[in-house]
Structure formats: C-alpha cells, structure tokens
Amino acid sequence: MDTMRIDPVQPGGDDQEAPLGKRLLWFFGIALVSMLVVAVVAYTLRGLLLIG
C-alpha cells in the first residue's frame, strides 16, 4: 500500500512589513473605534435601564 505524503505549505513570499507609521495608525484607529463602541453600548444600556 502506497502512502500519500502531504508537504506543509509555507506562508507567502511577501517578507516586507508595512511601515511603522502605518502600523501605528492602524493600532490607534482600532483602539479608538473599540473605545467608541464600548461607550455607545454602555450609554445605550444605561438609557435602557433608566439609570439616571
């Protein structure tokens, strides 16, 4: 019986990273959006629960 061998696939050959400024911009953008989402959910729940 012949066994089939599966070779692992390596990630793409793109070894260049994005510039530091662009990565930091993404980081702070995601942090800001997540903070705004948490604030909206918190104030929505506060309004729904009628906590003055």
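At 62% relative accessibility, Glu17 counts as exposed, where exposed means over 50% relative accessible area, buried under 20% and partly exposed in between (1.4 Å probe, protein chains only). Glu17 forms a salt bridge with Arg23. This is a predicted model, in which local features need pLDDT of at least 70 and side-chain atom pairs count only at pLDDT 80 or more, while totals for chains, interfaces and linings use all residues. Residues are numbered from 1 along each chain as its sequence is written, and side-chain values use heavy atoms, with hydrogens and water left out.

**Fold and helix**

- Leu50 follows helix 1 and has a positive phi, near 55 degrees.

**Surface**

- Of the 52 residues in the protein chain, 0% count as buried.
- A nonpolar surface patch consists of Val33, Val37, Val41, Leu45, Leu48 and Leu49, which together have about 590 Å² of accessible area.
- Patches take residues with over 30% relative accessible area and no salt bridge, joining like charges within 9 Å and nonpolar side chains (Val, Leu, Ile, Met, Phe, Trp, Tyr) within 5 Å.
- Leu48 lies in helix 1 (residues 20–48) and counts as exposed at 64% relative accessibility.

**Salt bridges**

- The whole structure holds two salt bridges, each defined as a side-chain nitrogen of Lys or Arg within 4 Å of a carboxyl oxygen of Asp or Glu.
- In the Arg23–Glu17 bridge, the closest N and O atoms are 3.2 Å apart; Arg23 is partly exposed, at 41% relative accessibility.
- Arg5 and Asp7 form a salt bridge with the closest N and O atoms 3.5 Å apart, and Arg5 is exposed at 73% relative accessibility.

**Aromatic pair**

- One aromatic pair is found in the whole structure.
- The ring centres of Phe27 and Phe28 are 5.4 Å apart and the planes meet at 75 degrees, so the pair is edge-to-face.
- Rings of Phe, Tyr and Trp (its six-membered ring) pair if their centres lie within 6.5 Å; planes under 30 degrees apart count as stacked, over 60 as edge-to-face and the rest as tilted.
- Phe27 and Phe28 are both exposed.

Conventions:
Accessible areas come from the Shrake-Rupley method with a 1.4 Å probe; for residues, only the protein chains shown count as cover. Helices (H or I, at least four residues) and strands (E, at least two) are DSSP runs, numbered from the N terminus.
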